[in-house]
Each structure stands twice: as structure tokens, then as C-alpha cells.
Amino acid sequence: MNEIIRYFETIPSLHRALILAGGITFFWLIETLKPLFLLQYSKWKHAGINIFFTFTTIVVNFLMAFILLWTSQWATQNSIGLLPYLTAINPWIYMIIGLLLLDLIGAYLVHYVEHKVKFFWRFHLIHHSDTWVDTTTANRHHPGESVLRFVFTALAVVVVGAPMWLVFLYQSVSVVLSQFNHANISLPIALDRWLSYIIVSPDMHKVHHHYELPHTDSNYGNIFSFWDRLFGTFSTLKRDEIVYGIDTHMETEKHNTIGSLLKIPFQKRSTFEKQ
């Protein structure tokens, strides 16, 4: 455990970049060899669009990283949040509780809010507009959404009282799990179902990317699946019934160029009503 703490306390930026790139590469290869769906698209063009939005997310997080660092230092030094009062417990339990709470606020809660607040939905829709969901879709976020998610991550750090090593660990796990559950891979159905009792499995998250309600507004989790089951937002759908995209933006010209995607949040209000 001490080795984990020391590593993530001083994790080099290069290592964080390798975790991101390594995850995409790993799941890209698997979904190429054993895809869940035979998607009819240009995989490289699609990846180029999604990697552009990955880059904008990296830029947003880099520019605001000092806020996260200051927030973590302030919370831990002033015993703000829950974790400063749990330092006497087993360090593994401490870590798991921290990851659970960071995931609840920094992933589940912000995702739920993005679906329920219409202004935030305008930006999150870019993620749902992808009709060819694969591992690169995990990082397909409008810059405006990246800012919102950063704010909720900072909020989570304060509420949890998370030290920076735990924040870096959470972000690393979150990136890889998101790439995993978006990947166009076919796990044995029984294995996927059992995984979904603990973490967000590929089949579980694919339901969230179904183009119609009520499935679009379900399965908000990113790392742990407990929150959807606990708060009644869990749903299932057979693999062969899933249709990717969002019903308001199914036409290719609306979701297959960077320019059109960047403009989506600023379209007329009538174009955002989910059905």
C-alpha cells in the first residue's frame, strides 16, 4: 500500500499520459479482434474526432490542475471532508472508501446532473451523439462539459477530503474503466453480468448509449455500479436491441465532424428534447 501511495503522490505527467494512451491502444486492439458489433464506419476518422475532444479535455484539466492541487492541500491540511477522520483505519479500506466517494460525486452525480439540467445536457449531448460507440468514445466530451466535470471533481475532493495521491489514483482508474466500458468488445454474457455487480461493465454502459428513453437516462456510473443500483437508475437491455446515438441527432452530418459537434450546445432549444 505504501508503494501505491508513494507512486501516485509523485506520478509523472508522462505516466499519466501513458495510462491514457495505453488504455485506448489496448482496448482498440481487443475490439478490433473481437468486436461486439460490426460497426459500419471509418474507424480512424471516428477516432480522430474523438481524440480531438480527448485533447481538449486534457487542455482543460491541465489549465485548471492548480485548482485541484490547492483544493486537495487545503482540505487535508484543515481536516475538511470525511477521510481526514478515517486515517486510523486500514489503509486499503481508506483507499476503497475514498475511491467510492470520489466516483459517487465526481462521476455518478455530475453525470446525473448533466442529464437532468437542460443547459448541461446541451454539452453532454456531444458524448451521446456518437452512433459508433467504441473505446475512443470514452473521452468524447465537449470542452464545456470538461469544465463542468472538473468542477464536480474539485467538489468531490473537498467533500471527501482526498489527498492528492488518491485523486491521481482515482483519475487513473476512472480513465481506464471508462475506456473499458465504452469499448466495442464482447465479453461472455455471464462474465459481463457478474462484473456489473461491482464495476460498470461494457454491456451495462452500452445500455446508457441506447438512443431512446428511458435507457438513455440510466446507468450513470463510471467505475462502480453500486450507485445505479442504490439510487434506482440501473436498467438492462439485450445486446441486439441496443441502437447507439441520441434520437435528436441521429443524422451523420450532425455528429461526424468536429465543427458540427462544437456547435451543438448553441443550437435551438427545440433540438434537444429526448424522446
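Lys116 is partly exposed, with a relative accessible area of 43%. Partly exposed is the range between buried (under 20% relative accessible area) and exposed (over 50%), using a 1.4 Å probe and protein chains only. Lys116 pairs with Asp217 in a salt bridge. The structure holds 8 salt bridges. This is a predicted model: local features need pLDDT of at least 70, side-chain atom pairs count only at pLDDT 80 or more, and totals for chains, interfaces and linings use all residues. Residues are numbered from 1 along each chain as its sequence is written, and side-chain values use heavy atoms, with hydrogens and water left out.

**Salt bridges**

- Side chains of opposite charge can pair when their charged atoms come close.
- A salt bridge here is a side-chain nitrogen of Lys or Arg within 4 Å of a carboxyl oxygen of Asp or Glu.
- In the Asp217–Lys116 pair, the N to O distance is 3.7 Å.
- Asp217 sits in the loop between helix 10 (202–208) and helix 11 (226–230), and Lys116 in helix 5 (residues 91–116), so this pair ties together parts that are 101 residues apart in sequence.
- Helices are DSSP runs (H or I, at least four residues), numbered from the N terminus.
- Asp217 counts as buried, at 18% relative accessibility.
- Glu31 forms a salt bridge with Lys43, with the closest N and O atoms 2.7 Å apart.
- Glu31 belongs to helix 2 (residues 13–33) and Lys43 to helix 3, so the pair ties together parts that are 12 residues apart in sequence.
- Both Glu31 and Lys43 are buried.
- Glu145 and Arg149 also meet through their side chains in a salt bridge, 2.8 Å from N to O.
- Glu145 and Arg149 are 4 residues apart in helix 7, so about one helical turn separates them.
- Glu145 is buried, with a relative accessible area of 1%.

**Helix 3 and helix 7**

- Two packed helices are described by the angle between their axes and the distance between the axes.
- The axes of helix 3 (residues 43–63) and helix 7 (residues 143–160) come within 9 Å and cross at roughly 40°.
- Axes are lines fitted to C-alpha atoms, for helices over the stretch in contact, and angles run from 0 to 180 degrees between N-to-C directions.
- Helix 3 and helix 7 are therefore oblique to each other.
- Angles under 35 degrees count as roughly parallel, over 145 as roughly antiparallel, 65 to 115 as roughly perpendicular and the rest as oblique.
- From helix 3, Phe53, Thr56, Thr57, Val60 and Asn61 meet Pro143, Ser146, Val147 and Phe150 of helix 7.
- Contact means heavy atoms within 4.5 Å.

**Helix 1 and helix 8**

- The axes of helix 1 (residues 2–9) and helix 8 (residues 164–182) come within 8 Å and cross at roughly 85°.
- Helix 1 is therefore roughly perpendicular to helix 8.
- Ile5, Phe8 and Glu9 in helix 1 meet Trp165, Phe168, Leu169 and Ser172 in helix 8.

**Asn256**

- Asn256 is found in the loop between helix 12 (252–255) and helix 13 (258–263).
- Asn256 is buried, with a relative accessible area of 13%.
- Not counting residues up to four places away in sequence, Asn256 touches Lys45, Ile49 and Trp132.

Note on methods:
Helices (H or I, at least four residues) and strands (E, at least two) are DSSP runs, numbered from the N terminus.
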